[in-house]
Structures are given as structure tokens and as C-alpha cells.
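Please read them with the structure open.

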Amino acid sequence: MRVIAIDGPAGSGKSTVARGVAAALGLAELDTGAMYRAVTLAALRGRVPLDDGPALGEVARTIRLDIGDRIVLDGDDVSEEIRGAEVSGVVSVVAAHAEVRTEMVRRQRDWVAGHGGGVVEGRDIGTVVFPDAALKVFLTASEEERARRRKVEGSDEGAAALARRDRLDSTRPTSPLKPADDAVVIDSTGRTAAAVIADVVARA
Ligand code: CDP
């Protein structure tokens with residue numbers, strides 16, 4: 001089973017690069033951030049306290065979640081809603097809970113096994129979810145460029161909120177955002193998506 005792991009902070013270009021690499025190599029693509037966003041939305045809808053790890057773990061285990069071209073939560077297409085400011089503002093708090101992560105990792109491994117491999121993007125794919133991945137990429141870009149990209153994409157998440165989320169993701173005790181020891185670190189600042197995709201494909 002061929003797995004390519006793409007990790008990195010918000011706005012580093014993971015989604016665009018993962019999509020391009022998956023298309024070039026004929027692999028499926030999994031956006032694990034969308035999964036954490038969907039659990040967060042389910043918790044908000046259910047008014048589950050965001051500091052209650054066991055209760056959030058229960059949410060993670062009981063929701064129906066379809067991750068494909070669209071993100072479908074309990075039969076409801078939430079592809080747009082999970083990118084909104086409400087979810088972006090608290091997703092890192094939800095994702096920090098070990099109970100939530102255990103279930104997400106289980107679903108991610110299942111998904112990849114069911115698709116015969118894939119290009120998987122997230123924060124802990126090379127370090128925790130697929131430590132034996134054939135290729136691990138850690139994508140970075142300057143903080144200014146990452147904030148600018150988000151603005152161009154029409155995101156309503158400001159630069160300060162983005163920086164706060166990265167800080168939370170990088171400093172949490174469970175599966176913090178960091179490059180795996182054997183990851184290739186690629187700085188995408190000032191480079192086109194096509195150039196970065198070609199770079200990754202050449203290493204695969
Ligand atoms: O698109 P962007 O890079 O802004 O974020 P995302 O990939 O949609 O991920 C949203 C949030 O989910 C991150 O800020 C992390 O808190 C969490 N996440 C995680 O903890 N582990 C992953 N493998 C993927 C996302």
C-alpha cells in the first residue's frame with residue numbers, strides 16, 4: 001500500500017499540493033483536517049463542552065462521516081460550513097484531545113486501506129498515522145505568505161487567528177505538528193503550486 005504523507009501548518013499549500021500529487025500518481029487523496037473540522041462542527045451543534053475529552057471522543061466515534069469530494073456529516077453536506085470562522089476558531093481545541101485523535105486515526109487508516117493507499121494530508125500523518133509512509137513531506141511557507149494565501153482563498157480567518165491555531169497545533173502534548181525525522185521539508189514561499197507538486201512527484 002503506497003502512502004504519501006503531507007504535513008504542515010495552515011496555509012502552507014497542503015491541500016493544493018496533495019490534490020496535484022494524487023492526480024499525477026493516480027492515488028486517492030484524504031484531507032484529515034476536514035475530519036477534525038467535521039467533528040468540531042458536530043460538537044458545536046450538540047453543544048458538547050469543548051474541554052470534555054471523553055464526551056468529544058464519543059462524538060467522534062458516533063458521527064457518520066463521508067470524506068470525498070464533499071464532506072458529509074450525518075447525511076448533511078457540510079463542506080462549506082466546516083471552513084467557516086466558527087469551526088476554524090475552535091478546531092484546534094477539539095483536535096488536541098487524545099480521545100478524538102484515537103478515533104480519527106482509526107478512521108484515517110481504515111479509509112486509506114479501503115482505497116489501497118493515498119496521498120494523506122494533515123499534521124501528524126508522517127509522525128503518527130502512517131510512520132511507514134513511502135514519502136513524508138513537511139510543507140512550510142512564511143507566516144505572511146500563509147496568511148495572504150488564506151485571504152486570497154476568501155477565508156474569513158485572520159492572520160492572528162491562523163497564528164494562534166498553529167501555535168496550539170505545535171505545542172499540544174498529543175501528536176503535535178512537527179516534521180517527522182525522515183520527512184523532506186519543502187518551503188513553498190514564493191513558489192508556484194505546480195513547481196512544488198513537480199518537486200514532490202519527483203521524490204515519490
Ligand atoms: O486547511 P488548514 O491547513 O487551515 O487546516 P486543516 O488541515 O483543515 O486542519 C484544521 C485543524 O485540524 C488543524 O488546525 C488542527 O488543529 C487539526 N488537525 C489535526 O490536528 N491533525 C490533522 N492530521 C489534521 C488537522
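**Notes on the predicted model**

1. Start with strand S6. Gly117, Val119 and Glu121 point one way from S6, while Gly118, Val120 and Gly122 point the other way, and all are buried. In a regular strand the side chains alternate between the two faces of the sheet. Six of the six residues of S6 are buried, so the strand is largely enclosed by the rest of the structure.

2. Where does S6 sit in its sheet? The sheet is open and has five strands, in the order S2-S6-S1-S7-S8. The pairing is parallel. Strand S2 (29-31) and strand S8 (184-187) are the edge strands; each has a single partner strand, so one side of each is left without a neighbour in the sheet. From one strand to the next, the twist averages 20°.

3. S2 and S6 (residues 117-122) run parallel and are joined by three bridges. Here Glu29 stands opposite Val119 in S6. Helix H9 (residues 193-203) packs on this sheet and touches strand S7 (135-140) and S8. The direction of H9 makes about 165° with that of S8. Strand S1 (residues 2-7) pairs with S6 over six bridges, again in the parallel sense. Ala5 has Val120 of S6 as its bridge partner.

4. Look at Glu29 in more detail. Glu29 is found in strand S2. Is Glu29 buried, partly exposed or exposed? Its relative accessibility is 26%, so Glu29 counts as partly exposed. Leaving out residues up to four places away in sequence, Glu29 touches Ser15, Ala18, Arg19, Ala22, Trp111, Val119 and Glu121. Glu29 and Val200 are 171 residues apart along the chain, and their C-alpha atoms are separated by 14 Å.

5. Next, the helix pairs. Two packed helices are described by the angle between their axes and the distance between the axes. Helix H3 (residues 53-62) packs with helix H5 (residues 98-114) at an angle of about 20°, and their axes are 7 Å apart. Angles under 35 degrees count as roughly parallel, and H3 and H5 are therefore roughly parallel to each other. Their crossing is right-handed. H3 contributes Gly53, Pro54, Leu56, Gly57, Ala60, Arg61 and Thr62 to the contact, and H5 contributes Glu99, Val100, Glu103, Met104 and Arg107. By class, the contact of H3 with H5 has five nonpolar, three polar and four charged residues.

6. The second pair is H4 with H8. Helix H4 (residues 85-95) and helix H8 (residues 159-171) pack at about 10°, with axes 9 Å apart. H4 and H8 are therefore roughly parallel to each other. On the H4 side the contact is made by Ser88, Gly89, Val91, Ser92 and Val93; on the H8 side, by Arg164, Arg165, Leu168 and Asp169. The class count for H4 with H8 is three nonpolar, three polar and three charged residues.

7. There is also an open sheet of three strands. Its order is S3-S4-S5, and the pairing is antiparallel. Strand S3 (65-67) and strand S5 (76-77) stand at the edges with a single partner strand each, so one side of each is left without a neighbour in the sheet. Strand S4 (residues 71-73) and S5 run antiparallel and are joined by two bridges. Val72 has Asp77 of S5 as its bridge partner. Helix H2 (residues 32-45) lies across S3, S4 and S5 and runs at about 30° to S4.

8. Two residues deserve a look for their backbone. Arg47 is not a glycine, but its phi is positive, near 50°. Arg47 is placed in the loop between H2 and H3. Arg47 is exposed, with a relative accessible area of 75%. Ser175 is not a glycine either, and has a positive phi of about 50°. Ser175 lies in the loop between H8 and S8. At 15% relative accessibility, Ser175 counts as buried.

Key: Residues are numbered from 1 along each chain as its sequence is written. This is a predicted model: local features need pLDDT of at least 70, side-chain atom pairs count only at pLDDT 80 or more; totals for chains, interfaces and linings use all residues. Side-chain values use heavy atoms; hydrogens and water are left out. Two strands pair if DSSP finds at least two bridges between them. Helices (H or I, at least four residues) and strands (E, at least two) are DSSP runs, numbered from the N terminus. Axes are lines fitted to C-alpha atoms, for helices over the stretch in contact, and angles run from 0 to 180 degrees between N-to-C directions. Contact means heavy atoms within 4.5 Å. Angles under 35 degrees count as roughly parallel, over 145 as roughly antiparallel, 65 to 115 as roughly perpendicular and the rest as oblique. A crossing is left-handed if the near helix is turned anticlockwise from the far one by less than a right angle, and right-handed if clockwise. Ala, Val, Leu, Ile, Met, Phe, Trp, Tyr, Cys and Pro count as nonpolar, Asp, Glu, Lys and Arg as charged, and the others, Gly among them, as polar. Buried means under 20% relative accessible area, exposed over 50%, partly exposed in between (1.4 Å probe, protein chains only).
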